[in-house]
Amino acid sequence: MTLRNFSIYHLFQHNARNAGEAPAAFTASRTVSHRDLLDRVDRLAAGMTARGLAKGDRVCILAQNSIEYLELYGACARTGAIAYPINWRLSASEVAAVIALADPQMLAVGAAHLPQLEGSRLDGARVKAVIGAGSAPGFAPLAELYQTRADRSETNTGGDDPFAIISTAAVAGAPRGAALTHNNMLWAGYQLAAALGLTARDRHLAALPLFHIAGLGLSLGLTQAGGANVILEAFDPARASLMIDQHEASLMAAFPPVLSMLLDARAKTGAHWKSLRHVVGLDAPDTIKRLYAETGAKFWSGFGQSETTGFVTLARVDERPGSAGRPIPLARVRCVNETGEDAPVGEAGEIVVQGPIVFAGYWRDSDATDFTFRHGWHHTGDVGKFDAEGYLYYVGRKPEKELIKSGGENVYPAEVERVIQEMPGVAAVCVIGVPDAKWGEAVKAVVELAAGKSLTAEQIISGAASRIAAYKKPQRVDFVEKLPRQPNGEIDRAAVKSRHG
């Protein structure tokens, strides 16, 4: 079997054959073996096929983490359908925009998130299912899709086929979807396992959501290593802290403030975390120092995106503090100037990437795809610099890629500005990121009111929260008589950052 016709599904198959009774996944109430997981994936895939799902069809998933979520990924891999997970923190209007772009033929929704489908057009979804307890008109329980007998025929899904579409940059206020192939996920998983030395004995605390490339990438990486995922269905620091001990989790990913909350819970619950070896992600230096002082785990930091299927540079923070690590084997990483030439050592340039971990392109957006792949390299829109020993240091973002990273989630100012600009009484607005001890960055709106109008910060915040995800709303608001502008009349974002950042 060549890599061309090897898929994510074959990982489930391999584990069932070689370690059938070993655990593949844990939740607070269930343990599923590798053999049982493959059986459930096959039976779900058979049910999807019986209802008309075919290769290339999109399957949207709007739900909290669960074993069923992993099974949906596996069933998509078997049938050739494309998983299109949706961030469950989005508002109904934002969910509707993602669904419109995805044009799904199947929709699987957790009961708690059914209200977020208000306003979504579901005409093309031939299959609509509810995950877990709950019901809605036109929706069947997902459990009914599992056939009594599994289909054991060979899958025709291959490495170059799309596996998942991960929502990413909303630079102009509308979401984009990064299409990741089976090969993208396989190569990313193998090099992560090699970098961290993962084996079948390792267990991953799946606390980050499975719609996120970090949560998905580590979960599948552990599947590739033959290990198990400890699935946290809803983030509860005390429960997560205890589950690390209960299931001997050795790996987890964290973005602010997840790790500090878990460390606080560890102190309160008396958990030991003797099994924890690796924490991967981004966090504040003080939180990382605390991890080292209180546990035996090591913190790994790096640089990556959804478009690169996760990390392209990685290193333990104690190896080169302040850096984002060095390129890992399957990623060519450069920092280039505007003409595409390498920036000298120590000088900043745009980070560009080549390799089998680079995505296939943006879903139904050829212009954005062509732009990011100019000169044959994926242009990340982020700026960095290399030192003489090849360690990458993150500098910032290019002006056209204004992005606020709050608690591991991407917030694009254009999205927030659009909803605030439409509020009665707002003449102009500029949204920026400001340092925040808890979240890394916080969203701040600098608002220019129309003449004679009056609004409060609370009205701006609540008005935004009614239309976009709560994590995108401004946490701070400044009012100004006039926003600074450039000669062409556009808002001078750099000046706003200088005065209000």
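Predicted model: local features only at pLDDT ≥ 70, side-chain atom pairs only at ≥ 80, totals over all residues.
Strand 24 and strand 25 (residues 440-449) run antiparallel and are joined by ten bridges; strands here are DSSP E runs of at least two residues, helices are H or I runs of at least four, and both are numbered from the N terminus. Residues are numbered from 1 along each chain as its sequence is written, and side-chain values use heavy atoms, with hydrogens and water left out.

Zooming out, the sheet is open, has three strands in the order 24-25-26, and its pairing is mixed (pairing takes at least two DSSP bridges). Strand 24 (426-436) and strand 26 (476-480) sit at the edges, each pairing on one side only.

## Helices on the sheet

Helix 11 (residues 413-421) packs on the sheet by touching strand 24 and strand 25, with contact meaning heavy atoms within 4.5 Å. Its direction makes about 145 degrees with that of strand 24 (axes are fitted to C-alpha atoms, for helices over the stretch in contact, and angles run from 0 to 180 degrees between N-to-C directions). Helix 13 (residues 493-500) packs there too, touching strand 24, strand 25 and strand 26, at about 55 degrees to strand 24.

## Who lines the cavity

Lining residues have an atom within 4 Å of a cavity point. For the largest cavity they include Phe12, His34 and Asn229. Helix 1 (9-18) and helix 2 (34-50) each supply at least two of the lining residues.

Note on methods
1 Å grid on protein atoms, 1.4 Å probe; cavity = no way out; pocket = protein on both sides within 12 Å on 5 of 7 lines; lining within 4 Å.
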